[in-house]
Structures are given as structure tokens and as C-alpha cells.
Amino acid sequence: MIDTLSLALTHGLLLLIAWRLFSRDDLDDETGNAGKPKPKPRRWGR
Amino acid sequence: MRDFAFIGFLLVLFWFALRRPFLFVLSYVYVDTLQPQRLSYLLFNKVPVSLICFGLAFASWLFVGDKSETKMSPRQWMMTALLCYCWMTTQSADFPTEAALKWGWVWKSLIFAVFLPFTLNTRLRMEALAMFMIVSASSIIIVGGIKTLVTGGGYGSLNLMVTNNSGIYESSTISMVAIAIIPIIMFFLKHGTIFPLPDWRVKLFCYALIFACILIPIGTQARTGLICAAVIFVMSLRHAKRPFLFLSLALVLGLVSLPLLPKSFTARMGTINNYQADSSASTRIAVWKWTWAFAQDHPFGGGFEAYRQNKIHYEAKNTTETGSSVDVQQTTIVDAGRAFHSSYFEMLGEQGYPGFLLWITIHLLGLWRMEKVYRRFKMRAPKDGLWISDLASALQKAHVCYLIGSLFVGMAFQSFVYMLVGIQIAVDVYASRILDQESWRPMRGGTAKVEQWNKPKRGLTPQPE
């Protein structure tokens, strides 16, 4: 009972952490450019 | 049922990781810390889940990870050297079969520690990793804490969900881990960004977890835990705003809680002084003497599990008081194949002087680097990198706790600690990057240009505190 309760609590919390990280762009990039489309490289002379 | 819950949990984590590949790293951290295979009954323990998670973590970094600033730090080189050296000693080990078994998990622990800093290139990643480590370990700590409150615990009798209490589930190791993570939990209370502060639920969970952490040495009755707690307490005095008030409060709290402690706990802690009457402590001293002599004859170590060849004998004194007379009985105890009971002697006996020197350098360098980072950033404003100083300080305290606990417990390759080393390296690299960016100034150009060049780059964006 105690084991299950503790495992349920911590695993629920781990999922909540994962969920919150999922929606944070600064997880992968702190410059603030995450998620923005990269500018298309221009061809020479155009 | 529990098997399905674990599998479902990991699948959800993997699903998240498909969008945020760093979560593969966190899934490995979870599996390596809690070892859910050991808690399952049927399905889960047949699958090499740890290897799968590591493979996914490595592949995700290799194919989609940011490798623009990937550089091996001196400690990563040292851990690689230690890994190669351990492989060599395993080839010529005195007990090849047993050594190969230990090598089977040591290499994973070391390789992951070398790999980890490459993935921790943002503040949020460091925070997420530390949080996953703590919450995974708290599965065991909360169980231990509640059972201690209910039953009072007992030496070797506190059930931490598994029957074979090796690795992190071993009573002394979990006591050390429980105490070592307290400073990191305190860090989250001050600087956590995953759960926005101030939030009463976050505070409640953190303080309850700290309480459970303190209960673990009481429940397991591991003396190492008490010593580690004393070390953390003394180190915390350094950062306390009002050290005398802190000291007085702790003394009052200690005195009030003393009658509430189980009698078996106070009796066992009393044997710290009277070590000659305690066979566990006397065995340790005898094994350490044997290891020292063994290292003189085998300077390059005897490979993993070399302790199996030891034969020790020691005199145990048993003092009994009857009225005014004290009766001292001396008995000679003969023993064989006793474990090292100390990480320092474990390294010396198994890996010899080169392995020991590499290992101790990795750890002492960590303490020194964290001290440097702490001092460099401690005067900063909360939005300008104070968190770096506080994280460095928390990691340093946890590391000191490990090094003191290691005096009495053989846990030289404990993966939880190597993950802490990995975060330390990442914090160090992150701090150096910030200092480099701040010190860089263009040689020409007006003020406007300077400002333009000093625009926040990676790692300089102010974070919510």
C-alpha cells in the first residue's frame, strides 16, 4: 500500500515535470529562436 | 499490474521525447536511479530497459542534438581514462567472473557520466536532470520515510520495496543519497523554474521530502547517514544568513526530537564511539589494514571484487558493566571475503594506486571547480546568474557528503554520484561560457556597436527566478 502510494505520487510528478518541459522552448535553446522558422538561404545575387 | 504501470509510464515518456529528444536522457536517469526492473514481477525485468534508454538518449543527441559547443573537459578525459584502466584491470582480475559482473554496470555508469555534460547545455536541462534524479530517488525515500514513521524502522529490516538491497537500495547508500540531495532540494525552493515559485504546493512537497530524507538514516539506522547529516549541517552554516540563530534552532530541534527517536537508533548511533565492541566497525578496520598491505604487493590492483581473497582476524572487546565493576571480554574473530566497506579502499584494492589517484582527482577537482564557480557568481543579482552560484554550492555539498559517506561505504562507482559529477561539469562549462561572453569586447566600434555585440547570446538570457 505504502509502496504503491509512493510510486504513484512520484511517477505522477515525473510525468508532470515531463509535461511542463514539453512546452518549454528554452529546454533546447536559450536564445529565444526556438520554434521560429529558419530563414531560407538566399542564392547568390538575388 | 505494476509492470504495466511502469511500461505505460516509460511509453508516455518516450512519446514526449519524440518531440523533445532530451527526455530520452531523462528516461535513462529515471531507469538508472530507481531501477524499476527490480520492482517489477514479470515483464519488465526481462527487457534490457537501461540499455534501450541509453541507446535512445545517445542516438537522439547524435542525430538531432546541438553539438556546436561539444568539448571534452579535463574531468571527462579523466573518467574516460578511468574507464579504460578499469577495463584493463578487469582483463587480469584475480576473480575474472565476478569482476566481469561488476564491470557490466561500472562501464555504463562511467560512459553516461562522460556523455551527460554534452547534453546539458541549457539551464532548464540541468534543472530538469537534477529534478528527475531527485524525484526518482524520492520514490525510495518517501517509502522509507513513511515506513520509519509507522514502524520506527530498524537496522537491516526497513523494507525499501526490494529484497536484494544492493546499489542505491542498500541502507548506507540510500542514507547518503537522501542526505546529499537535501541541498539540491533547497536549491529548487529558491531557484526552480519548472514549477513557478512561489507555490505552496511546491514548498509543501519539498519540505515534506526533506523531512523524509532526514528520516531515512533513522529508519535504516545507518551510521553513515548520521555522519553525512552532520557534514551537511556544518556546511550549511557557511551559507546561513544568521549562523548563530541557525545553530540554536538546530540544537533545540535536536533536543526536542531526541526522545522521539527509536531506542534501537540511539543505541546503534552510540556504537560510533565504542567501535571496538562493534563487529561491523572492527571488521572494517581489519579489512582496511588488509587492503593497505594488498596494495603494497599489488600496486596496480587486483581487479573488481578483489576483496574476495581477504582473510582477516581481529580482537573484539566486549564491555559489560555489573554494578561498580566493568568486565572486559576479548575474543578473536576470524573472517574471510569481507567487502571493502570504504570507496577509498575499494579503489586502492581493486584498481591500485593509478586507479585510486584518478578517482580521487576526479572528485577533488569537482569540489574545487564548484568552489570557484560559487565564488565567481555569489555576488550576482538573482536575475544575473546567482542561481549558478547556488547550484554549484548545492552540488558541492552533495559531493562532500558523498566523499565523507564513502569513508565507510564501498560505492566508488555509484551512478547517482557520477550523474552529479556530470551536472557539475555542465555547470562549470555553462559558467565559463557566460564569463567568456561577458569579457569579450570588440576592438573597434562605438558604444552602440559594443551594446549590439554584447546582446545576450546562449545562456545569457535572463531567466525567470
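Predicted model: local features only at pLDDT ≥ 70, side-chain atom pairs only at ≥ 80, totals over all residues.
User: How is the packing of helix H1 of chain B against helix H2 of chain B to be described?

Analyst: Two packed helices are described by the angle between their axes and the distance between the axes. In this model, the axes of H1(B), residues 2-19, and H2(B), residues 22-34, cross at roughly 155° and come within 7 Å. Because angles over 145 degrees count as roughly antiparallel, H1(B) is roughly antiparallel to H2(B). The crossing of H1(B) and H2(B) is right-handed.

User: Which residues make the contact of H1(B) and H2(B)?

Analyst: H1(B) contributes Leu10(B), Leu13(B), Phe14(B), Phe16(B) and Ala17(B), while H2(B) contributes Leu23(B), Phe24(B) and Ser27(B). By class, 7 of the residues in this contact are nonpolar, 1 is polar and none is charged.

User: Is Ile134(B) buried or exposed?

Analyst: A residue counts as buried if 20 or more other C-beta atoms lie within 10 Å of its own. Ile134(B) has 22 other C-beta atoms within 10 Å and is therefore buried. Ile134(B) belongs to helix H6 of chain B, residues 123-151.

User: What is Ile134(B) in contact with, leaving aside its neighbours within four places in sequence?

Analyst: With those neighbours left aside, Ile134(B) is in contact with Ile181(B), Ile184(B) and Ile185(B).

User: How many helices and strands does chain A have?

Analyst: Chain A has 1 helix and 0 strands. Of its 46 residues, 20% count as buried.

Technical notes: Residues numbered from 1 in each chain as written. Chains lettered and ligands numbered in written order. Axes fitted to C-alpha atoms, helices over the stretch in contact; angles between N-to-C directions. Helix = DSSP H or I, 4+ residues; strand = E, 2+ residues; numbered from the N terminus. Parallel < 35°, antiparallel > 145°, perpendicular 65-115°, else oblique. Left-handed = near helix turned anticlockwise from the far one by under 90°. Contact = placed C-beta atoms within 7 Å. Nonpolar A, V, L, I, M, F, W, Y, C, P; charged D, E, K, R; others polar. Buried ≥ 20, exposed ≤ 12 C-beta atoms within 10 Å, placed from the backbone.
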